[in-house]
Amino acid sequence: MASRRSVGAIAAAIVCLLCTQATAAGKECSAPSDECVAVGTWSLSVALGAGVRTNPVAGGRDIPLIVVPQFSYYGKRFFIDNLDPGVTLFDGDSNTLSLVASPGYDRVFFYRSDLQNIFAFSPTSFAGGSTSLVTKPSPAIQAEKPANFRELPRPARKVTYLAGPEWTFKHGRLSGQIDYLHEITGHTHGDEMRAALGLPLASVMGGTLSGRAGFTWKSASTVNYYYGYPGVYRAGWALNPFAKLGYSRPLGKKWEFDAFVHCERLGNAISDSPVVDRHYVTTAFIGATYAIHK
Amino acid sequence: MLLWTGNHIRIEAIRRGWVAFAMIAGSLLAPTARPAANPDAPDIHLEITPRICTLTGNDKQCATPVHAQWRSNHDESLCLVVLERPEVRHCWEHYSAGSYTIDLVFAEDVVFQLRDVSLDHVLASQALRVIREALQLRHRRRQPWNIFN
């Protein structure tokens with residue numbers, strides 16, 4: 001309950017900040033650019049390279065990043081950004097307010113065939129099925145059977161979608177985004193809040209080094225749906241902070257060099273789960289992105 | 001429903017009277033308003049195809065072959081030039097017609113001119129217009145959770 005109140009307070013603060021930001025100076029869209037896109041256009045690109053997303057689920061295989069397609073379409077109001085459709089309610093120079101829908105993220109660790117893994121797939125990504133589930137042993141069990149993991153029946157973790165308002169803003173070189181999403185597919189009935197700030201750090205060798213930091217807050221019912229275990233572990237809410245360092249450099253009209261490292265610390269309610277054996281999820285990639293259409 | 005009254009008819013008659021007066025006056029004054037046609041002056045017509053290039057979407061410039069064609073009632077010695085492109089010049093000596101095709105890349109209007117061989121006098125001119133389709137822009141979504149954003 002206390003967490004709901006604190007989230008409400010944060011939401012109120014966001015609204016206040018939105019009001020003050022509305023007058024902040026911003027860059028108007030006058031030509032197609034990285035920041036601005038022509039209404040009615042779509043883009044398709046594919047990143048080719050080598051990368052990995054570590055899997056914190058016990059016994060889960062890390063997710064390779066080899067071919068990563070990216071698709072987007074922007075209408076006057078409607079847009080779709082990979083798996084996230086949305087409707088923009090307000091698009092100003094500094095602030096954009098939209099209603100978006102976005103898939104639940106945590107399922108990617110349990111099902112290699114999850115749609116989100118299609119957008120970060122390797123040739124082995126379509127093998128389907130779920131990650132074999134084992135539990136990490138408790139200290140007592142570990143003392144008796146250090147190498148013996150106990151197999152548990154696998155609870156269903158279905159595809160979920162969350163929807164809610166999304167506010168993005170730009171203030172000088174700083175950009176930010178806050179989403180407050182509620183699960184709408186009737187499985188977790190949970191909430192998520194996603195917030196991040198981004199800043200270009202330096203120009204290096206013709207490219208841009210940028211940094212991002214933020215957090216994802218997940219309500220207890222969301223965390224429990226993915227990481228809880230009936231009769232064994234009941235999860236509470238979790239706060240996952242993350243940081244990302246990225247570098248990109250154009251390599252001509254169609255190609256761009258991309259490299260990044262993204263590190264997310266899992267909240268205690270997730271890392272304490274018997275199905276999780278790591279505290280961090282690290283995603284790293286180095287490769288080139290080819291713009292098929294933009 | 002339009003009702004014609006006596007006043008309407010009178011106003012219409014007056015208006016028609018003024019139009020007729022203007023036409024007569026115009027026909028009387030026209031010869032004095034323009035210089036008399038000189039039968040020895042060259043009558044040179046220049047045509048270019050296409051006349052318009054429309055930029056759409058993310059297009060930044062036009063790239064197209066442009067065909068220029070001219071004709072005259074006398075043999076002429078002249079050159080076809082493109083303004084602000086000194087590298088483009090094609091000349092004819094003692095011809096009454098000519099044509100020339102050139103591949104051009106341009107983002108602004110391009111003006112074709114026929115000039116005498118000394119390039120001092122413009123004999124005819126045509127412009128190839130660039131029209132930019134009005135682009136409606138919006139902000140691209142920023143999504144820090146997407147690994148490539």
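## Contacts and make-up of chain A

In this predicted model, 57% of the contacts in chain A with a separation of 6 or more are between residues 24 or more positions apart. Chain A has 294 residues, of which 33% count as buried, and its secondary structure consists of 5 helices and 15 strands.

## The barrel of chain A

In chain A, 12 strands close into a barrel with antiparallel pairing, and their order is β2-β3-β4-β5-β6-β9-β10-β11-β12-β13-β14-β15. On average, and with direction ignored, neighbouring strands of this sheet are turned by 20° against each other.

One pairing in chain A can be followed residue by residue: strand β2 (residues 41-53) and strand β3 (residues 63-74) are antiparallel and share 11 bridges. Within this pair, Leu48(A) has Val67(A) in β3(A) as its bridge partner.

## Nonpolar cores

The largest nonpolar core has 20 residues, and those that touch the most other members are Val223(A), Tyr227(A), Ala238(A), Ala269(A), Ile270(A) and Val276(A). Two helices of chain A, α4 (220-227) and α5 (268-271), each supply at least two residues of this core, and the largest share, 4 residues, comes from α4(A).

When neighbours within four places in sequence are left aside, Val276(A) is in contact with Pro56(A), Val57(A), Ala58(A), Tyr227(A), Leu266(A), Ile270(A) and Ser271(A). Another core lies apart from the largest one and has 14 residues, among them Leu78(B), Trp92(B), Val110(B) and Leu114(B).

## Where the two chains meet

The contact between the chains takes 31 residues from chain A and 16 residues from chain B. The side of chain B that touches chain A is made up of 6 nonpolar, 6 polar and 4 charged residues.

## Strands of chain B

Strand β3 (residues 62-82) of chain B takes part in several antiparallel pairings, and one of them, with strand β1 (residues 44-49) of chain B, has 6 bridges, including the one that links Ile44(B) to Ser72(B). A further pairing joins β3(B) to strand β4 (residues 85-106) of chain B through 16 bridges, and here Val66(B) stands opposite Ile102(B). The strand β3(B) is also joined by 5 bridges to strand β5 (residues 110-116) of chain B, where Leu80(B) has Leu114(B) as its bridge partner.

## Backbone details in the loops of chain B

The strands β3(B) and β4(B) form a hairpin with 2 residues between them, and Glu84(B), which is found in the loop between these strands, has a positive phi of about 65° although it is not a glycine. Glu84(B) has 10 other C-beta atoms within 10 Å and is therefore exposed, because the limit for an exposed residue is 12 or fewer.

Leu119(B), in the loop between β5 and β6 (122-132) of chain B, likewise is a residue other than glycine with a positive phi, near 65°. With 13 C-beta neighbours inside 10 Å, Leu119(B) counts as partly exposed.

A further detail of the backbone concerns a proline: the peptide bond from Thr49(B) to Pro50(B) is cis, with omega near 0°. Pro50(B) has its place in the loop between β1 and β2 (52-55) of chain B.

Technical notes. Residues numbered from 1 in each chain as written. Chains lettered and ligands numbered in written order. Predicted model: local features only at pLDDT ≥ 70, side-chain atom pairs only at ≥ 80, totals over all residues. Contact = placed C-beta atoms within 7 Å. Nonpolar A, V, L, I, M, F, W, Y, C, P; charged D, E, K, R; others polar. Pairing = 2+ DSSP bridges. Axes fitted to C-alpha atoms, helices over the stretch in contact; angles between N-to-C directions. Core = buried A, V, L, I, M, F, W, Y, C linked by C-beta atoms within 7 Å.
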